[in-house]
Amino acid sequence: MSTTKKRLLFVCATGIATSTQVMERVTRYLKDEGIEHEYLQTNVASVANSLDGVDLIVATTKIPYDVDVPVLRGLPFVTGIGVDDALAEIKSILTAE
Amino acid sequence: MTTTLEFTENLVLTPVHARSSSEVIEQLGQSLRQAGCVTGSFEADVLAREAEHPTGLPTQPVGVAIPHAKPRGVLRSAIAVGILADPVEFRVMGAPDEAVAVRIVFLMALKESDRHLNILSALTSMLQDPDQIDQLLHGSRSDVHAQIESLLA
């Protein structure tokens with residue numbers, strides 16, 4: 001399928017709660033910005049098995065080991081503080097060559 | 001969806017006097033237990049999860065925490081709210097090395113099947129509004145209940 005789509009992985013402790021929050025806000029932004037994307041949501045225990053093709057991880061929980069993919073804190077999307085900066089950083093990571 | 005979330009005035013505690021995050025979780029857990037919403041090791045599960053995946057949020061003007069656990073021990077989905085007289089320290093979500101002084105705690109008891117309820121979404125949109133947080137801090141039990149219930153409706 002399309003290889004230009006950016007793939008995001010949204011992570012929280014359960015993979016259903018705060019990661020949904022973060023996913024909704026971030027994917028809305030990416031749509032507005034016209035950045036083609038797809039995403040997965042997972043719990044922190046399953047991150048290692050979900051990394052295939054992932055360009056960026058946004059996590060509301062600490063990922064307790066090193067991964068090869070940039071990891072961004074999802075906390076701003078839960079507190080509402082620092083959202084613009086976080087979105088700008090996501091855009092710069094996803095649009096960098 | 002017909003799934004209901006129990007949130008009665010009995011599940012609002014204000015003011016809560018607690019010296020630690022564990023104490024406030026125990027007190028809120030007790031109110032859920034008395035309402036027949038949780039059983040077994042619910043509070044212990046929440047505390048264990050909080051130790052591993054903390055839920056403190058550095059919101060303004062005061063910090064908020066949203067502790068929860070796996071559905072084990074949840075009989076009926078419910079939410080209990082505590083407004084603390086004095087702040088207690090929670091670890092920050094996603095940054096366990098950092099602490100936040102918390103005065104509002106939402107203890108969520110959710111069954112797996114209720115994840116579509118998107119309660120968290122309703123709560124966090126409120127928590128992003130400092131005026132609403134301020135209102136929770138200063139409201140009576142019935143004010144706090146009405147404010148939160150209007151979100152969940």
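Author: Side chains of opposite charge can pair when their charged atoms come close. In this predicted model, a side-chain nitrogen of Lys or Arg within 4 Å of a carboxyl oxygen of Asp or Glu is taken as a salt bridge, and the count over all chains comes to eight.

Reader: Which residue forms a salt bridge with A:E38, and how far apart are the closest N and O atoms?

Author: The partner is A:R7, with 3.2 Å between the closest N and O atoms. A:E38 belongs to strand β2 (residues 37-43) of chain A and A:R7 to strand β1 (residues 6-12) of chain A, so the pair ties together parts that lie 31 residues apart in sequence. A:E38 is partly exposed at 29% relative accessibility, and A:R7 is partly exposed at 26%.

Reader: Where does the pair of B:E98 and A:R73 cross?

Author: This pair crosses between chains, from strand β5 (residues 95-109) of chain B, which holds B:E98, to strand β4 (residues 71-73) of chain A, which holds A:R73. The closest N and O atoms of this salt bridge are 3.3 Å apart. B:E98 is partly exposed at 38% relative accessibility, and A:R73 is partly exposed at 40%.

Reader: Is B:D45 buried or exposed?

Author: B:D45 is buried, because its relative accessible area of 12% falls under 20%. Its salt-bridge partner, B:R72, with an N to O distance of 2.7 Å, is exposed at 57%. B:D45 sits in helix α2 (residues 42-52) of chain B, while B:R72 is in the loop between β3 (63-65) and β4 (78-92) of chain B, 27 residues apart.

Note on methods: Residues are numbered from 1 along each chain as its sequence is written. Chains are lettered from A and ligands numbered from 1 in the order in which they are written. This is a predicted model: local features need pLDDT of at least 70, side-chain atom pairs count only at pLDDT 80 or more; totals for chains, interfaces and linings use all residues. Side-chain values use heavy atoms; hydrogens and water are left out. Helices (H or I, at least four residues) and strands (E, at least two) are DSSP runs, numbered from the N terminus. Buried means under 20% relative accessible area, exposed over 50%, partly exposed in between (1.4 Å probe, protein chains only).
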